[in-house]
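Subject: Structure handover

Hello,

Here is the structure for you to look through. My notes on it follow below.

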Amino acid sequence: MPSDPSSAIAVGDLVVDRGRKPVLRGVSTRIAAGSVTGLLGPSGSGKTTFIRAVVGTQKVKSGTVEVLGHPAGSKPLRKRLAYVTQDASIYPDLSVKANVAYFAALYGRGRHEAMVAIERVGMGDHADRLAGNLSGGQKTRTSLACALVIEPEVLVLDEPTVGLDPVIREELWDQFRTLAREGATLLVSSHVMDEADRCDRLLLLREGRFIADDTPADLRAVTGTENLEAAFLHLIRDLEKAD
Amino acid sequence: MSLRITFITAGRILRQLLADHRTVGLVLAVPALIIALISAIMDDAPQVFDRTGLILLAAFPFMLMFMITSITLLRERTGGTLERLMTTPTGKLDLVAGYALAFGAAAAAQTTVAATVAFAFLGLDATGPVWAVFLICIVTALFGMALGLFVSAFATTEFQAIQFMPVFVVPQLFLCGLIWPADQMAGWLQGVSDALPLTYAVKALNEVQVNPEVTSAMWGDLAIVFAAVLVATVLGAATLRRRTN
């Protein structure tokens, strides 16, 4: 697939098997730079596998994944992409500050930048607490701060808002929008449909295939439905009829 | 490989270790206490204690490094931080070298306390220089670390990691000459003993025990242990996969 400078992420006919089970059955998409793309689908549909393929930690069977014009996971990307895993990948025996400062230091950034990132996720009051003693949502936010601190060009988040209270979820989505406005490309997986409206583009994954790759507005128009949940149900029923 | 990232990684690992005060206390105090116990048991046979105590000085950091490396690395693997690190500029060798630096420092601290207690208060005697004992202990500790790193790839839980102790560590301790001189074992056991790296750490210590100057035989034995460190490290680093299923 030729590199296209306007798309930050380009996936071509990606096939991934885990064990003998096919997880992704030939998916393709292009994700525009400076946008927020939502990756939606029921659990077990292959969202995490797709995300891991984009960040380059997933063994793939065939197909191409390019990020910023480089093969996924290649060395030049390791300074430009940040990945927030589904379970908070932080050190429980270190403080919030020490966790964020560690990831900051790997990218040559200092304590000041670490504190800015901690404030950004609303963890300023908890900076000295041990990460292991935090609540689930606070751990998620700490993990997010570890990614924000490097000001990545591409930010990939696997279900970042699970278990968060609505106020913090709202704040995080505002931040995702701000980051995109500043030029970053975000890929965010979620199984909460009401978050889909905050995205520029939606990828709906079902049983290892994309059944939609469109803007929220177009999806509503095509399916003739008002809310996105109904739109997706509509698409799924159409597919089932076709089978 | 980046020296900067290696130091940052070592700093993070040490910070994790130091945050756990109880572990720090156990790491520093237990070897000295056990050697004191052994010295009391062997009160009537100071020559036997000279031999056993010296080997124990190297055996403790070896066991300790094996345990803490296999468990901390297993936590990195299962906690998702390893996968995250693999998407950062951290190279596999940066990570492994970071572990070696951090736990090497821990081994040095442990050896310092245990050796000070043994030489100053328990009457442990070695003919050769103390720095040679120290050097052998550190290299042996690094072998424990490298072995722990490698083994952590085959454990999926901390419980399993602990079960690898009797498999990888205990036979080496029994066959290295700690409980029975290797040259008095059955022929086939001597063969097994000769194949185990810890045996060469004990041989090196025996050289320091009986010779006032550092001998070339000691350097040769130490080189074998060091080679084992390198082999185990390379094998261990190979188990750190950037891409997994």
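A:Glu159 is buried, with a relative accessible area of 8%. Here buried means under 20% relative accessible area, exposed means over 50%, and partly exposed is in between (1.4 Å probe, protein chains only). A:Lys47 is buried too, at 4%. A:Glu159 and A:Lys47 form a salt bridge, and their closest N and O atoms are 3.6 Å apart. The term means a side-chain nitrogen of Lys or Arg within 4 Å of a carboxyl oxygen of Asp or Glu. A:Glu159 sits in the loop between E7 and H5 of chain A and A:Lys47 in helix H1 of chain A, so the pair ties together parts that are 112 residues apart in sequence. Helices (H or I, at least four residues) and strands (E, at least two) are DSSP runs, numbered from the N terminus.

Before you go on, note that this is a predicted model: local features need pLDDT of at least 70, side-chain atom pairs count only at pLDDT 80 or more, and totals for chains, interfaces and linings use all residues. Residues are numbered from 1 along each chain as its sequence is written, chains are lettered from A and ligands numbered from 1 in the order in which they are written, and side-chain values use heavy atoms, with hydrogens and water left out.

**Other salt bridges**

Side chains of opposite charge can pair when their charged atoms come close.

A:Lys97 is partly exposed at 26%. A:Asp128 is exposed at 62%.

A:Arg177 forms a salt bridge with A:Asp200, with the closest N and O atoms 3.0 Å apart. A:Arg177 is partly exposed at 22%, and A:Asp200 is partly exposed at 30%. Salt bridges that share partners also join A:Glu170, A:Asp174 and A:Arg198 into one network.

**Chain A against chain B**

The contact (heavy atoms within 4.5 Å) takes 33 residues from chain A and 25 residues from chain B. The buried area is about 2700 Å², and carbon and sulfur atoms give 51% of that. Buried area is the accessible area (1.4 Å probe) that two parts lose on being put together, summed over both. In chain A, A:Arg78, A:Tyr91 and A:Leu106 lose the most area to chain B, together 23% of what that side buries.

One salt bridge is counted between the chains. The side chains of A:Arg52 and B:Glu83 meet in a salt bridge at 3.0 Å, N to O.

**Two domains in chain A**

The domain assignment of chain A gives domain 1 (1-80 + 153-243) and domain 2 (87-151). Such bounds come from an automatic or database domain assignment. The C-alpha centres of the two domains lie 25 Å apart. In contact are 13 residues of domain 1 and ten residues of domain 2. About 990 Å² is buried between these domains, with 61% from carbon and sulfur atoms. How many salt bridges does the rule find across this interface? It finds zero.

Best wishes
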